[in-house]
Amino acid sequence: MNDYRRLADRIADDITAGRLKPGERLPPQRVFARRRGIAGSTAGRVYAELVRRGLVVGEVGRGTFVRAAPAASGRALVEAATAAPVNLELNYPSVPGESELLAATFGPLLRPDVLAEALRPAAATGTPAAREAAAALLATPGWRPAPDRVLFTGSGRQSIAATLASLVRPGGRVGAEALTYPVVKEIAARLGITLVPLATDEEGPRPESVAAAHRTAPLAALYLQPTLHNPTSVTTSPERRHQLARIAVDLNIPVVEDRIWSFLTDDDPFAAHAPGLTHVVDSLSKRVAPGLTVGFAVVPEDRVEAVAGAVRSGGWSAGRFAVEAAVRWIGDGTVRRLVAAKRADAAHRQRIVGEELRGFTVRSDPRTCFAWWELSAPWRADTFTAAAAAHGIAVTPGPAFAVDPNRTPDAIRLGLASAPEPDLRRALRTLAGVARAAR
């Protein structure tokens, strides 16, 4: 039973010691089995164990390759995971004067009588004022959520976890774009949920892929990012949203719609097409700041108590102080001013990308804060990530976003929002030089 693990340990030692280099291809499994005198099935278990440990990545039709570094964790996208001088993994927008603007709100909150109220425990349903403020914040030209359907969590990630926990039992299947937010992969693993990759094109998820996945085994839910999809920046077209909504309704599949980046656009949500099935998740972390944030979940009317129960049982409730601060930031126009500034900043940073990475295959949207760089041979995602790190630049390798570990893209995601503008320009220019040097 443990023979395959001992073989995996030996290969792991070779990788750690540098005898197997990043990007080096392991022999095909049948050749490995013949050389070691083991069964093909045992060789398959060895390679699967190395993938599980994050030491190698397997790609259908190409082989198995040594990773440049341990597999990227979703945490790398929400907290500092590197000491690199320029971190293009983190992606929290900020603008000059942001702290001063936010600080002005705290004066009234620090009055003893107001503070005493703000330090009380918070319910998932928040307060009437908080529900009204959140509904106003999340409204779009063609959609406005009912305040009594708004719930509060400590972050957008917690809203995702709570809605999925309320919808899907352990062992259940959730359809998601083939490339998805890495933290969702971690959430699914912790909840015992299987993510099923959905094929996409330039308009977003393909409806026939949803239907095919559901025929294979029923899907308990869909997790979708129809607005400024992370990492590709694709925004699903209105017609495609209508098609997906029709399938979701016909098959009665609930939808978790992630709108974390929607503040950079005026697009109506998927929920406008399938309001009875869609759970909208959003937060203040990108709009305002990550350090004092609030997550939102707008749920169908008959799902309020179920999702609120998941928030309570998961310990995902929002802090009352943060909710009270959010109400004031929304009401006094602070959030609106920050959003306007961050939209302008995102557009400016996208122009920098266009200038510094001209000639490369970079997919993005002029409104958003990230870019998806599809690498050319001989670069692979892991080897380019290692080369970037050698120049003091942290980027996120494409495989971190792949739902299917056997189908990983040779691409990297560039987070444009967190680095100071001069550092961003210098880093992009350096990465362009690295990429050209190998041509």
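## Helices H7 and H8

In this predicted model, the axes of helix H7 (residues 156-167) and helix H8 (residues 182-191) come within 10 Å and cross at roughly 40 degrees. Axes are lines fitted to C-alpha atoms, for helices over the stretch in contact, and angles run from 0 to 180 degrees between N-to-C directions. Helices (H or I, at least four residues) and strands (E, at least two) are DSSP runs, numbered from the N terminus. H7 and H8 are therefore oblique to each other; angles under 35 degrees count as roughly parallel, over 145 as roughly antiparallel, 65 to 115 as roughly perpendicular and the rest as oblique. H7 passes H8 in a right-handed crossing, a term for the near helix being turned clockwise from the far one by less than a right angle, with anticlockwise giving left-handed.

On the H7 side, Arg-157, Ile-160, Ala-161, Leu-164 and Ala-165 meet Val-183, Val-184, Ile-187 and Leu-191 of H8, where contact means heavy atoms within 4.5 Å. The residues of this contact divide into 8 nonpolar, no polar and 1 charged. In this division, Ala, Val, Leu, Ile, Met, Phe, Trp, Tyr, Cys and Pro count as nonpolar, Asp, Glu, Lys and Arg as charged, and the others, Gly among them, as polar.

## Basis of the values

Residues are numbered from 1 along each chain as its sequence is written, and side-chain values use heavy atoms, with hydrogens and water left out. Because the model is predicted, local features need pLDDT of at least 70 and side-chain atom pairs count only at pLDDT 80 or more, whereas totals for chains, interfaces and linings use all residues.

## Two further helix pairs

Helix H9 (residues 207-216) and helix H10 (residues 238-251) have axes that come within 9 Å and cross at roughly 20 degrees. That angle makes H9 roughly parallel to H10, and the crossing is right-handed. Pro-207, Val-210, Ala-211 and His-214 of H9 meet Arg-240, Gln-243, Leu-244, Ile-247 and Leu-251 of H10. By class, the contact of H9 with H10 holds 6 nonpolar, 2 polar and 1 charged.

Helix H2 (residues 29-36) packs on helix H3 (residues 40-52) at an angle of about 115 degrees, with the axes 8 Å apart. H2 is thus roughly perpendicular to H3, and this crossing is right-handed. Gln-29, Phe-32 and Ala-33 in H2 meet Gly-40, Ala-43, Gly-44, Val-46 and Tyr-47 in H3. The contact of H2 with H3 comprises 5 nonpolar, 3 polar and no charged residues.

## Nonpolar cores

A nonpolar core is a set of buried Ala, Val, Leu, Ile, Met, Phe, Trp, Tyr and Cys residues joined through side-chain atoms within 4.5 Å. Buried means under 20% relative accessible area, exposed over 50%, partly exposed in between (1.4 Å probe, protein chains only). The largest nonpolar core has 37 residues, of which Phe-152, Val-288, Val-294 and Phe-296 touch the most other members. At least two residues of this core come from each of helix H6 (128-138), strand S4 (150-153), strand S12 (295-298), helix H12 (320-331) and helix H13 (334-356). H12 gives the most, with 7 residues. A second, separate core of 30 residues includes Leu-164, Val-174, Val-256 and Ala-297.

Not counting residues up to four places away in sequence, Val-294 touches, among others, Phe-152, Leu-284, Ala-322, Val-323 and Ala-326. Leu-137 is found in helix H6 and counts as buried at 17% relative accessibility. With the same exclusion of residues up to four places away, Leu-137 touches Leu-284, Arg-287, Phe-296, Ile-330 and Val-335. Leu-137 and Arg-336 are 199 residues apart in sequence and 8.6 Å apart in space, C-alpha to C-alpha.

## Helix H14 and backbone geometry

Helix H14 (residues 381-390) is mostly covered, with 7 of its 10 residues buried; Ala-381, Asp-382 and Phe-384 are among them. Just after H14, Gly-392 takes a positive phi of about 80 degrees. Pro-378 is placed in the loop between strand S14 (370-374) and H14, and the peptide bond from Ala-377 to Pro-378 is cis, with omega near 10 degrees.

Most residues other than glycine have a negative phi, and most peptide bonds are trans. Leu-228, although not a glycine, has a positive phi of about 50 degrees. Leu-228 lies in the loop between strand S9 (221-224) and H10 and counts as buried at 1% relative accessibility. Asn-252, in the loop between H10 and strand S10 (255-258), has a positive phi near 55 degrees. At 56% relative accessibility, Asn-252 counts as exposed.
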